[in-house]
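Visitor: I would like a close look at one part of this protein model. Please start there, then lead me on to other places worth a stop.

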Amino acid sequence: MPDFNIDHRLRHIYDVYPEAPARPLVGITCDSGGEDFSLRRMYCLQVERAGGTPVLLPPTADIRTVLPLLDTLHAVIFTGGGDHNPLWMGEEPVPQLGTVNPLRDSYELPLCRLAYNRHLPMLGICRGMQTIAIALGGHVCQHIETGIKHSQSAPKDEATHSVTITPGTMLDKAYATYRHLDADEAARRDTLLPADAPMRIHVNSFHHQAVDNAGEHLKVAAVAPDNTVEAVESDEYRSIIGVQWHPEQMAEAGLPLFRWLVEAARTRRDAVSFHQTHVTLDSHCDTPMFFAQDIDFLKRDPRILYDLHKMDDGHVDAVSMVCYLPQPAIGERFSEKVGFDVDSPSHYADLIFDHINDICQRAPQRLSIARTPADVWRDKREGRHSILLGIENGIALEHNLRLLKHFKQRGVTYITLCHNGDNDICDSARGCNTHNGLSKFGREVIAAMNGLGIMIDLSHAAETSFYQALEASSAPIVCSHSNCRALCNHPRNLTDDQMRALAAAGGVMQLTLYHGFLKLPDAHVSKVGIVGSPVPSDADITDFIRHLEHAVSVMGIDHVGIGTDFDGDGGIKGLRDASELVNLTETLMRHGFSQQDISKIWGHNWLRVMAKIQGMADVTP
């Protein structure tokens, strides 16, 4: 008998706490036609079966009305429907083009790009796969000519042709527990297919447009026997899959994709929750190098890897922006090396810091210059991003210790003693052993920095400079952007002995995303980076994790952190700019790091060392 008693229906909810388990929110795009929005209920049922909560996303002429909702979601499904207008790809329509939906195209394509910016997991189904491809720079063929029927007249839940899945892809792993026996091969060989053989599954199919170029952000994950692309997925370690068939109609056989999406959404939710409750700090970026190009930090600027939008998307709380001062060659004037008309290195540094001040003053509710760890925590509580100031290359001091106090008063938290060349302070890892380590002036600089509570940064320093500075400093030292020489034999990286000595002295090593410090290049794939060294094209987030895990094994979890070197040629596949830094948190979670450990890596170690160094200062600026 139907139960029409509300209290009875709510009893099983009221009798437990919490009333319902926390489920990831999965947005699902709707179709539009006339006065109605529509969505096949099977999309919602599959999301619910997989453990998620479906949230419907009706198309709108003003996508800004959906942005607040997008920022609460943990994943998005782009659903099936009619054709895409080829004008979005710069093409004229062919005669076989079907019905297009202007409202849906103009809504879903930008929505997909916005979801991509926010690093949301995405699943594209049929038209939705094509939506993802077009939005991310791929190409969709308007009409496929093939001997296989891709638009079936059979019932929607009936499989009508096969697809072969590329081994090792996310799609392959999603279907891992559903590996099917290839009936023809099994009958011929009387055996199961090898475990590493490409998986073949049977699917339903309703399309005549198809992806024919996945573009730079995606890769092919499955093909039909006629080589029509039947699935694509992220080629950047993002949780994005698009399939040309309709898994929502295939009940249990289609459920693996929804389980994959909900699990990715759950990880995304947990990572964002972590960022909401912990400070995340990047100890080194070179974005000020681009100030001469009239970049706008407050807008989404494609020329730079850090801007306010990307910090929001990546859930990054704080970043040390350094004034990088290039090392002049003998006989070369400093003003010839920078994009502004300045008469000295200190003048250039002041100009850079003035520019950063101006940026923060233009958005005081969103940005603030932080001088201390307490400032960073206050900004976090009040909803602002922190910018900390640093100097990369001690030539900014112009052999004048009085400038140290000036820069301390400006808010400088650390100084990288040298860059790619010996200076009047110390020898560089890329230098000529001018001083056999520290100069006399360099020892005076270290003592003065200790007194002022300015962090001494030995990234770029020669090994002799490193050990002598470690001995000369009364306070811990830091390396703001360096990696492990044991894994990549580059002079800029730290040996295991250096790492142990740094940890023993209470310092911290911030691992960086510069290709050349993560992985040595193969001669046939290398290219020249901005510092003139070979840069491999294939370093990625897995290489960074290897360096991080090695550093933790050598130094302990209390002495490692992250210094991206974004806009200083840092950036690798999976971590290309600030918007992708939340991906690092997700990856660390998948690798079994605890929240406490991730918190230490993501800035607490750096802030602890900063607080100690500032607390040891004996001079009030």
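Visitor: Please look closely at the contact of H11 with H19. Which classes of residue make up this contact?

Guide: Keep in mind that this is a predicted model. Start with the two helices. Helix H11 covers residues 373-381, and helix H19 covers residues 595-615. Two packed helices are described by the angle between their axes and the distance between the axes. Here the angle is about 135 degrees, and the axes are 9 Å apart. An angle over 145 degrees would count as roughly antiparallel, and 65 to 115 as roughly perpendicular. H11 and H19 are therefore oblique to each other.

Now the residues. H11 brings Pro373, Val376 and Trp377 to the contact. H19 brings His604, Leu607, Met610, Ala611 and Gln614. By class, that gives 6 nonpolar and 2 polar residues, with no charged residues.

Ser386 sits in strand S17, residues 385-392. The relative accessible area of Ser386 is 1%, so Ser386 is buried.

Follow the chain past S17. Asn393 lies in the loop between S17 and helix H12 (402-410). Asn393 has a positive phi, near 115 degrees, and Asn393 is not a glycine. Its relative accessibility is 0%, so Asn393 is buried.

Tyr237 is placed in the loop between strand S12 (229-234) and strand S13 (240-243). With a relative accessible area of 39%, Tyr237 is partly exposed. The charged end of Arg238 sits over the ring of Tyr116, 3.7 Å from the ring centre. Another charge over a ring involves Lys156 and Phe206. The charged end of Lys156 is 5.9 Å from the centre of that ring.

The structure holds 7 aromatic pairs. One of them joins Phe334 and Tyr348 edge-to-face, with 5.7 Å centre to centre and 70 degrees between the planes. This pair links distant parts of the chain, 14 residues apart. Phe334 is in the loop between strand S15 (318-324) and helix H10 (345-362), while Tyr348 is in helix H10 itself. Phe340 joins in: ring pairs link Phe334, Phe340 and Tyr348 into a cluster.

Turn to helix H5, residues 127-135. All 9 of its 9 residues are buried, so H5 is largely enclosed by the rest of the structure. Among the buried residues are Arg127, Gln130 and Thr131, along with Met129, Ile132 and Ile134. Gly137 follows H5 with a positive phi, near 95 degrees.

Leu171 is in helix H6, residues 170-174. Its relative accessible area is 0%, so Leu171 is buried. Leaving aside neighbours within four places in sequence, Leu171 is in contact with Ile165, Ala221, Ala222, Ala231, Glu233, Ile241, Val243, Trp245 and Leu257. Compare Leu171 with Gly242. They are 71 residues apart in sequence, and their C-alpha atoms are 9.2 Å apart in space.

His547 is in helix H17, residues 541-555. At 0% relative accessibility, His547 counts as buried. What does His547 touch, beyond residues up to four places away in sequence? The list is Asn483, Cys484, Leu487, Cys488, Leu511, Phe517 and Leu518.

One last stop is at Tyr17 and Pro18. A cis peptide bond joins these two residues, with omega about -5 degrees. Pro18 lies in the loop between helix H1 (6-14) and strand S1 (25-29).

Methods:
Residues numbered from 1 in each chain as written. Predicted model: local features only at pLDDT ≥ 70, side-chain atom pairs only at ≥ 80, totals over all residues. Heavy atoms only, no water. Phe/Tyr/Trp six-rings, centres within 6.5 Å; stacked < 30°, edge-to-face > 60°. Helix = DSSP H or I, 4+ residues; strand = E, 2+ residues; numbered from the N terminus. Lys NZ or Arg CZ within 6 Å of the ring centre and 35° of its normal. Buried < 20%, exposed > 50% of the residue type's maximum accessible area, 1.4 Å probe, protein only. Axes fitted to C-alpha atoms, helices over the stretch in contact; angles between N-to-C directions. Parallel < 35°, antiparallel > 145°, perpendicular 65-115°, else oblique. Contact = heavy atoms within 4.5 Å. Nonpolar A, V, L, I, M, F, W, Y, C, P; charged D, E, K, R; others polar.
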